[in-house]
Amino acid sequence: MGDVVVIGGGLAGLTAAVELHGAGWTVTVIEARPFVGGRTMTMRPDDLGPGTWFDVGATWHWADQPSVRQLAAELGLEVFPQYRDGLLVYEVGGGPAEGAGPQRAPLPPPSPAELRFVGGAQGLCERLAARLPGGAVRLQTNAVSLEQVPTGVTVTVVDEEGQASDLSASAVVVALPPRLARQDLAFTPDLPEDLDRVMQHTPTWMATALKCVAVYESAFWREAGLAGAAMSEPGPLREVHDGGTHDGSAAALWGFVSPLHEFRDLSFDDRTEVVFAHLGRLFGPQAADPLRYYERDWSGDPYTNDETFWAPDGPLPYGHPAFGQPLWDGRLVWAGTETAGEGGGHMEGAVNSGRRAAHQVMTAR
């Protein structure tokens, strides 16, 4: 056994950490944000009553994804299906500018089913972190460099007060998006050139996402026979879904704002105005006047997006074999949904990669 440093307190890193801790290893998790969860993030507004929650990060998993479903069951986190009863609203082409208003069509059942977590997806990470000893998770701490030494790896970290310190580890799990790891961590010795190229060309999941949630007094769209689902080519919202809680205690619509700069470069107030107008166009006047509005711009998060890369069209190139190869005599391993061969780009991939990384650490020597 030995000491392991896990860099990244998201779903992949915490999965690896809990697996290693359960096998008797001493684990320290380094997380730059002031909370665990990574790209799972659940808002719980106090002014809307206890038990109210909205996901502004990862939301869905699917019925055919066994790893994340097994983990949720182990953690006692209940799931429920995405609301899809009713009609889909859609817009094509230029929308109203070309005289084509919103249309409606039946919304076919998904295969496999889309599932959500009761209480929000961040609960996965919060419950994983709770399984680690006190002090094992160091928040608001940045890892800045890794150096291979005869006894393992030295990890230099900087805390929230700017104080640097070195951690000695027998192994390190890097559970950051590959592009961000390449940008923000100094490796001694340098990473192989072929791996560096792979990391550079692996787009970060959610790096360009701007997710918004509009909250209402009631789910009036359901009463009108709509599923709360919409797809729009003109935008500004490219897609919309019902974001109500499992028990119906909170009604909401959530969607992704188009990545086009004409919408992203607006001020918050101006963007809110066009988003509300679009919701009203899709679902009727009530939708243009929500009680609350929240948004999370992941493209502006330095721990998610390096602001220099936009994902290509087509399938994302996740799960490259290079990420399955430990370095530094098995002391440096990789995790993160982008590194997963199964479920890459989903929470399923994060869980799979975390388990793979833990196994690689435990079997390296």
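Predicted model: local features only at pLDDT ≥ 70, side-chain atom pairs only at ≥ 80, totals over all residues.
Colleague: Okay, helices then. At what angle do helix 2 and helix 3 pack?

Modeller: Helix 2 (residues 66-75) and helix 3 (residues 122-129) pack at about 55°, and their axes are 10 Å apart. Helices (H or I, at least four residues) and strands (E, at least two) are DSSP runs, numbered from the N terminus. The axes are lines fitted to C-alpha atoms, for helices over the stretch in contact, and the angles run from 0 to 180 degrees between N-to-C directions. The two helices are therefore oblique to each other, given that angles under 35 degrees count as roughly parallel, over 145 as roughly antiparallel, 65 to 115 as roughly perpendicular and the rest as oblique.

Colleague: And which residues of helix 2 and helix 3 meet there?

Modeller: From helix 2, V68, L71, A72 and L75 meet L124, R127 and L128 of helix 3, where contact means heavy atoms within 4.5 Å. By class, that contact has six nonpolar residues, no polar ones and one charged; here Ala, Val, Leu, Ile, Met, Phe, Trp, Tyr, Cys and Pro count as nonpolar, Asp, Glu, Lys and Arg as charged, and the others, Gly among them, as polar.

Colleague: How does helix 2 sit against helix 9?

Modeller: Helix 2 and helix 9 (residues 347-363) pack at an angle of about 80°, with the axes 7 Å apart, and that makes helix 2 roughly perpendicular to helix 9. P66, S67, V68, Q70, L71 and E74 in helix 2 meet M347, E348, V351, N352 and R355 in helix 9. The residues of this contact divide into five nonpolar, three polar and three charged.

Colleague: What about helix 1 against helix 9?

Modeller: Helix 1 (residues 11-22) packs on helix 9 at about 40°, again with a value of 7 Å between the axes. In helix 1, the residues L11, A12, T15, A16, E19 and L20 meet a set in helix 9 that includes M347, A350, V351 and R355. The contact of helix 1 with helix 9 has ten nonpolar, three polar and two charged residues.

Colleague: Switching to rings: how many aromatic pairs are there in the whole structure?

Modeller: A search of the whole structure finds twelve aromatic pairs. Rings of Phe, Tyr and Trp (its six-membered ring) pair if their centres lie within 6.5 Å; planes under 30 degrees apart count as stacked, over 60 as edge-to-face and the rest as tilted. One of the pairs is W60 with W62, which is edge-to-face, at 5.9 Å centre to centre and 85° between the planes.

Colleague: Are W60 and W62 buried or exposed?

Modeller: W60 is buried, at a relative accessible area of 14%, and W62 also counts as buried, at 18%; buried means under 20% relative accessible area, exposed over 50%, and partly exposed in between (1.4 Å probe, protein chains only). Ring pairs also link W60, W62, W254 and F256 into a cluster.

Colleague: What does L115 touch?

Modeller: Leaving aside its neighbours within four places in sequence, L115 is in contact with T59, W60, H61, W62, A63, R69, F80, P81 and Q82. L115 lies in strand 9 (residues 114-117) and is buried, with a relative accessible area of 8%.

Colleague: Where are the cis peptide bonds?

Modeller: One joins S111 and P112, with omega about 5°, and P112 is in the loop between strand 8 (103-106) and strand 9. Another joins T188 and P189, also with omega about 5°, and P189 is in the loop between strand 15 and helix 5 (193-200).

Colleague: Which residues have positive phi without being glycine?

Modeller: Among them are M206, with a phi of about 75°, and W328, with a phi near 55°. M206 is in the loop between helix 5 and strand 16 (210-216) and is buried at 13% relative accessible area, while W328 is in the loop between strand 20 (292-297) and strand 21 and counts as buried at 9%.

Definitions and conventions:
Residues numbered from 1 in each chain as written. Heavy atoms only, no water.
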